[in-house]
Amino acid sequence: IEEKHMITFFSHIPKAGGTTLKQMFFRAFGPQGCIKVWDPNFGADVDVEGFRGLEESRFREISAVVGHLPVGSFMENPFGKSLFDRGQVDIITSVRHPFERMVSLYNYLSYNSEHPHHERIKKTPLANFVKYQPANYQFEYLKADCFKTPKDILKSLKVFSMEKSIEGFGKYFSERHNFIAGKVEVQNTSKTHAGSRRLYKVEDIPRDILLELNDKHELDLELYESAKRYGLG
């Protein structure tokens, strides 16, 4: 790849508004201009494991890497890491209030009858589900050897809170790629699967469990609150 070739990497944290934001990449670069990373059974080019082994030639004609790919896994691709080290990768993402993200995931799993975990989650109370979710999921998704704290992540990545993400990504495309994204249709996959049924909310989590979650997801809360304050600065 020539020296000036820039790649944008959208690390799509599950249930943080990424389905909506992906549309901008496909409009700007075309689906063929992006390496799409998720389950290949659902239209991706490769999964996370497959991305790690992608050859340099796969990066030649693309402008973006888009999908459910943690930053640490991106860095495990030797050529991707070399591009990043040369300053040829912009990493951009959207983060969500961690409790909202977990409840959204619960809604998605309990109403999506095609999901392999659907039957199990349907029988699991919301309080139990959120209590046993991994700590600081979003922070862990974005950290790597070179980003060890929320401050490192916020300094080196373009991180927007979900509420400001359409505006933030739009501004990025306009300034960095001279591309006007236009109106973006908000996609809510949980709502689509639920249909007319009621979606669970954070308010449905018992107060004592919310207090536990505050401690358990302290780094995610810091990441989200900071992104909310500074994301469009």
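**Surface, fold and salt bridges of a predicted model**

The protein exposes about 12100 Å², of which carbon and sulfur atoms supply 50% (accessible areas by the Shrake-Rupley method with a 1.4 Å probe; for residues, only the protein chains shown count as cover). The model is predicted, so that local features need pLDDT of at least 70 and side-chain atom pairs count only at pLDDT 80 or more, while totals for chains, interfaces and linings use all residues. Residues are numbered from 1 along each chain as its sequence is written, and side-chain values use heavy atoms, with hydrogens and water left out.

The protein contains 13 helices and five strands (DSSP runs numbered from the N terminus, with at least four residues in state H or I for helices and at least two in state E for strands). Along the principal axes, its C-alpha atoms fill a box of roughly 55 × 35 × 35 Å. Of the 233 residues, 48% are buried (under 20% relative accessible area; exposed is over 50%, and partly exposed lies in between, with a 1.4 Å probe and protein chains only). Among contacts with a separation of 6 or more, 74% come from residues 24 or more positions apart (contact means heavy atoms within 4.5 Å).

The protein carries 33 positive and 31 negative charges, whose mean positions are 4 Å apart (Lys and Arg count as positive, Asp and Glu as negative, and His and the chain ends are not counted; the places are NZ of Lys, CZ of Arg, CG of Asp and CD of Glu). Eleven salt bridges are found in the whole structure (a side-chain nitrogen of Lys or Arg within 4 Å of a carboxyl oxygen of Asp or Glu).

One of these joins glutamate 76 to arginine 52, with the closest N and O atoms 2.3 Å apart. This pair links distant parts of the chain, 24 residues apart: glutamate 76 lies in the loop between helix H3 (71–75) and helix H4 (78–85), and arginine 52 in helix H2 (residues 48–52). Glutamate 76 is partly exposed at 46% relative accessible area, as is arginine 52 at 25%. Salt bridges link Glu49, Arg52 and Glu76 in a network.

Lysine 122 pairs with glutamate 119 in a salt bridge, at 3.4 Å between the closest N and O atoms. Because the two are three residues apart in helix H6 (residues 118–122), about one helical turn separates them.
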